[in-house]
Every structure is written in C-alpha cells, then in structure tokens.
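Please look over the sequence and the model below before reading on. The briefing that follows is meant to be read with both in view.

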Amino acid sequence: MRPGVRLGIDVGTVRIGVARSDLHGMLATPVETVARGDGDLARLLAIVAELDVAEIVVGLPLALSGRHTASTGDAVGFAERLAAAASVPVRLVDERLSTVSAQAAVRSSGKSTKQSRSVIDQVAAVIILQHALDFERSSARSPGVVVDPDKGLQQ
C-alpha cells in the first residue's frame, strides 16, 4: 500500500461529495460537501493542501454494462480540470452503484434521502474511495486510470 492521504471525490451536477483516507490508506471517512460551480476547484484545492493529500480519486460514473453515461463526460472533464490545477495525481475509478449504495445506507439509518442529499454525496465519496483503497490493498496495483491534463486518460 502506498502511504499518504487520498481524497475521494463524487462529482455531481449540483454537489461534490468529498472523503479522505487516513495516512496508511486503510479507511475512508467523510469530509464535506462542496457546492458545484464557482469556487468548487478552489475549495477542493484548499482541502488538498489542508490535509496534505498525496492523490485524488474521482469517481467515474458508468452504466452497469460498463458503457459511458450522460454523467461520464462531465466527471472526466471535471477530473481533467482538477488534474490541471492540482499538484498531486488525479485518478478516475469506476463508481458504479456508489450513489445507490449511499442512498440505501442513509435510508437504513432512518433518514429520508431528500433531507440528506449532501450527506449522500459524502457517503458516495466514502464508498468510491474505500473501494479504491480496498482494490489497491488486495491487488497491489493502483486503482483506475491517471488523468493527464495534457494527454487525457493514461492506462
């Protein structure tokens, strides 16, 4: 396992869920929900600096079949802008069903999803990041693909 804090990002059209790992990459925990729009990249870069983040993991929304969805291009574009602005590597990782899992977790805690939208975004970010951490720990390989702002996605 590579050492260092990772930041998990769940990109939505209205909100961005943010999670972080511990220094050893064992456990993901929620951080905050950032409003999407003016200032979102600046806030994320501030979080990266505050937490001394080593890598950013952005969820890549795909259909269950693995095909791109309407949200895929938006997430890739956001990850490319983030990679261009950040001083640390940015990776895109498959996030299929992370929001569905987050909604189920919030519902099972007795809260309605309508009342808990910002919490759902954070929980989705935790799920995305935890899956990436678990993948790396079990396979000894880095998860997903690196985003190169100059060349696109790198395998």
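Predicted model: local features only at pLDDT ≥ 70, side-chain atom pairs only at ≥ 80, totals over all residues.

Residues are numbered from 1 along each chain as its sequence is written, and side-chain values use heavy atoms, with hydrogens and water left out.

**Overall fold**

- The protein chain has four helices and seven strands, where helices (H or I, at least four residues) and strands (E, at least two) are DSSP runs numbered from the N terminus.
- Read from the N terminus on, these elements follow the order β-β-β-α-β-α-β-α-α-β-β.
- A contact means heavy atoms within 4.5 Å, and among contacts in the protein chain between residues at least 6 apart in sequence, 62% join residues at least 24 apart.

**Surface and burial**

- Of the 155 residues of the protein chain, 42% count as buried; buried means under 20% relative accessible area, exposed over 50%, and partly exposed in between (1.4 Å probe, protein chains only).
- The accessible surface of the protein chain comes to about 7900 Å², of which 54% belongs to carbon and sulfur atoms, with areas taken from the Shrake-Rupley method with a 1.4 Å probe, and for residues only the protein chains shown count as cover.

**Nonpolar cores**

- A nonpolar core is a set of buried Ala, Val, Leu, Ile, Met, Phe, Trp, Tyr and Cys residues joined through side-chain atoms within 4.5 Å.
- The largest nonpolar core has 26 residues, of which Ile9, Leu44, Ile56 and Val58 touch the most other members.
- Two or more residues of this core come from each of strands S1 (5-11), S2 (15-21), S4 (53-60), S5 (90-94) and S6 (145-148), and from each of helices H1 (40-51) and H2 (70-85); H2 gives the most, with five residues.
- Leaving aside residues up to four places away in sequence, Ile56 touches Leu7, Ile9, Val48, Leu82, Ala86, Val88, Pro89, Val90 and Arg91.

**Two positive phi angles**

- Aspartate 52, in the loop between H1 and S4, has a positive phi of about 50° although it is not a glycine, and it counts as exposed because its relative accessibility is 63%.
- Alanine 140, in the loop between helix H4 (117-139) and S6, is likewise not a glycine and has a positive phi near 60°; with 72% relative accessibility, alanine 140 counts as exposed.
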